[in-house]
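I opened my notebook today to look up a few features of a protein model, one entry at a time. Come and read along with me.

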Amino acid sequence: MLLTVIRHGQSFTNLKTWHTLKNLDAGLTETGQQQAQALHDWFIANETVADVLITSTLKRTLETTAILQPALKLEPIPDHRIREIPTVSPSGQPLDGENFGREYASDWANKAPFVPRCSDIEGAESWMHFRTRVGQFMDDMVAAYHGQRVYVVAHGGVISAIFDNIFNVGPYRRADVHNYNTSWSRFEYRNKHDREQWLLWEHNRTDHLRDAGLL
Amino acid sequence: MRLTIIRHGQSDVNVGSWKHLETMDSALTEKGQLQAAALRDWLIARDEQADALYASTMRRAHETAHYIHEALGLDIQVDDRIREIGNSALDGRALPETDLPRVFNMNKPDKAPFAHRGLDIDNGESWMHFRTRIGQFMDDLARQHQRQRVYVVAHGGVISAMFDNVFNVGPYRQARTHSHNTGWSRFVHQRTSGRETWQVRFHNRIDHLIEKDLL
């Protein structure tokens, strides 16, 4: 399985004014729409072919997927498990955008992997809850899409959790990953007994942003 | 510290069988030279500045580093510790050119991280020996180059070992990385922020090869 994970375009939650939003499940800014359109155009120019398209169910990823969809010509499959941390309850229920936490724990995943990420909502998920739901999603993809080219539209945290899972990192991690909006990273799962199961091909590719003058 | 690590250009050991090569410390092919020149030109076009340039003492890396030297205007500091796996003695020093291994253990690091890699030399290093010398090199870099921009020209195995160290992966790993010839990856060492010690910014960027059709 060749797995390409795309971060959503710039959204209103990525702006410094995010705390003024009433609903934190916000859509793309104009820049975010342009970034997604640039990736759409780059897919067409490079004759990109995908077998499966999966999207997070937050507004910024749904909007990014809607812009990319005509290039990949697949019906997107929504999956709550690849929403950003901490927009899902530990039991797997997606939260409503008006009920997202706004007060973040001061220590990040490297220091407090088991601590709820937000202190102002009941039962917010921790980094390890988050890694677990992303891991369940990855296991299901590996089982379902053998030999296929899978495109996933998700979030910076999801890409970071995928790194932690494929590199088999312990809870108190010492590395983070950075992604540009609409950048893509590519992993391959190979079920061969003589090599590592996972292969990291590329991280944070932004050719389309360069071509469109959006970097 | 911002660490940019470049894999050498294509060399004779990367093309077909090496069984008949006179030396395992091979030089760049003509294509490898073009790849390195493309990266040099790409760096110059972006007016890239840096504070230090290191290179492995293997010929293919050192030759590639010469092109990077032309772009950055920095002297090349050579270091035996970033030679490709199997090509250094256990004390970290380079093996003589005539003693470089040609027969390799088919069990990869995921299964045999402590096994000798070269089967035709005595007391050759294992993947974990290799990771150790790369780790020593990285520790020294982080100490000597705080807040500086460092370029390193080395090998695909070196980049993979850096990922293992940055992500704090255990010996029996389940992921490896692929790097194209002259592909570059970037890590940021950020000891002071309360966040993770390392951040992965890019892996296997090849914009310069795409521009010049040298993939």
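Below are my entries, grouped by topic.

**Ground rules**

I noted that this is a predicted model, where local features need pLDDT of at least 70, side-chain atom pairs count only at pLDDT 80 or more, and totals for chains, interfaces and linings use all residues. Residues are numbered from 1 along each chain as its sequence is written, while chains are lettered from A and ligands numbered from 1 in the order in which they are written.

**Entry 1: helix α2 of chain B**

I began with α2(B), residues 59-72. Helices (H or I, at least four residues) and strands (E, at least two) are DSSP runs, numbered from the N terminus. How far apart are the end C-alpha atoms of α2(B)? I found 20 Å, which agrees with the 20 Å that 14 residues should span at 1.5 Å a residue. The expected span is 1.5 Å times one less than the number of residues.

Next I looked up burial. A residue is buried if 20 or more other C-beta atoms lie within 10 Å of its own, exposed if 12 or fewer, and partly exposed in between, with C-beta atoms placed from the backbone. In α2(B) the buried residues include R60(B), E63(B), Y67(B), I68(B) and L72(B). Among the elements covering the buried residues are β1, α1, β2, β3 and β4 of chain B. Just past the helix, G73(B) has a positive phi of about 70°.

**Entry 2: strand β2 of chain B**

I then turned to β2(B), one of the elements that cover α2(B). In β2(B), 4 of the 5 residues are buried. Two strands pair if DSSP finds at least two bridges between them. Which way does β2(B) run beside β4(B), parallel or antiparallel? The two pair in the parallel sense, over 4 bridges, and I saw L53(B) opposite Y151(B) of β4(B). β2(B) and β3(B) also run parallel, joined by 4 bridges, with Y54(B) opposite Q77(B) of β3(B).

**Entry 3: two packed helices in chain B**

Two packed helices are described by the angle between their axes and the distance between the axes. For α3(B), residues 127-144, and α4(B), residues 156-166, I noted an angle of about 75° and axes 9 Å apart. Axes are lines fitted to C-alpha atoms, for helices over the stretch in contact, and angles run from 0 to 180 degrees between N-to-C directions. The two helices are therefore roughly perpendicular; angles under 35 degrees count as roughly parallel, over 145 as roughly antiparallel, 65 to 115 as roughly perpendicular and the rest as oblique.

I also checked which residues meet. Two residues are in contact if their C-beta atoms, placed from the backbone, lie within 7 Å. From α3(B), F130(B), R131(B), I134(B), G135(B) and M138(B) meet residues of α4(B) that include V158(B), A161(B) and M162(B). The contact residues divide into 6 nonpolar, 3 polar and 2 charged. Ala, Val, Leu, Ile, Met, Phe, Trp, Tyr, Cys and Pro count as nonpolar, Asp, Glu, Lys and Arg as charged, and the others, Gly among them, as polar.

**Entry 4: where the chains touch**

How many residues of chain B are in contact with chain A? I noted 25, in contact with 26 residues of chain A. The elements giving two or more residues to the chain B side are β5, β7 and α5, and β7(B) gives the most, with 7 residues. By class, this side of chain B has 8 nonpolar, 9 polar and 8 charged residues. Strand β5 of chain A pairs with β7(B) in the parallel sense over 3 bridges, and A175(A) stands opposite W198(B).

- N168(B) is not a glycine, yet has a positive phi of about 60°; I found N168(B) in the loop between α4 and β5 of chain B.
- N168(B) is partly exposed, because 17 C-beta neighbours lie inside 10 Å.
- T182(B), also not a glycine, has a positive phi of about 65°, and sits in the loop between β5 and β6 of chain B.
- T182(B) is buried, because 29 C-beta neighbours lie inside 10 Å.
- I85(A) and P86(A) are joined by a cis peptide bond, with omega about -5°; P86(A) is in the loop between β3 and α3 of chain A.
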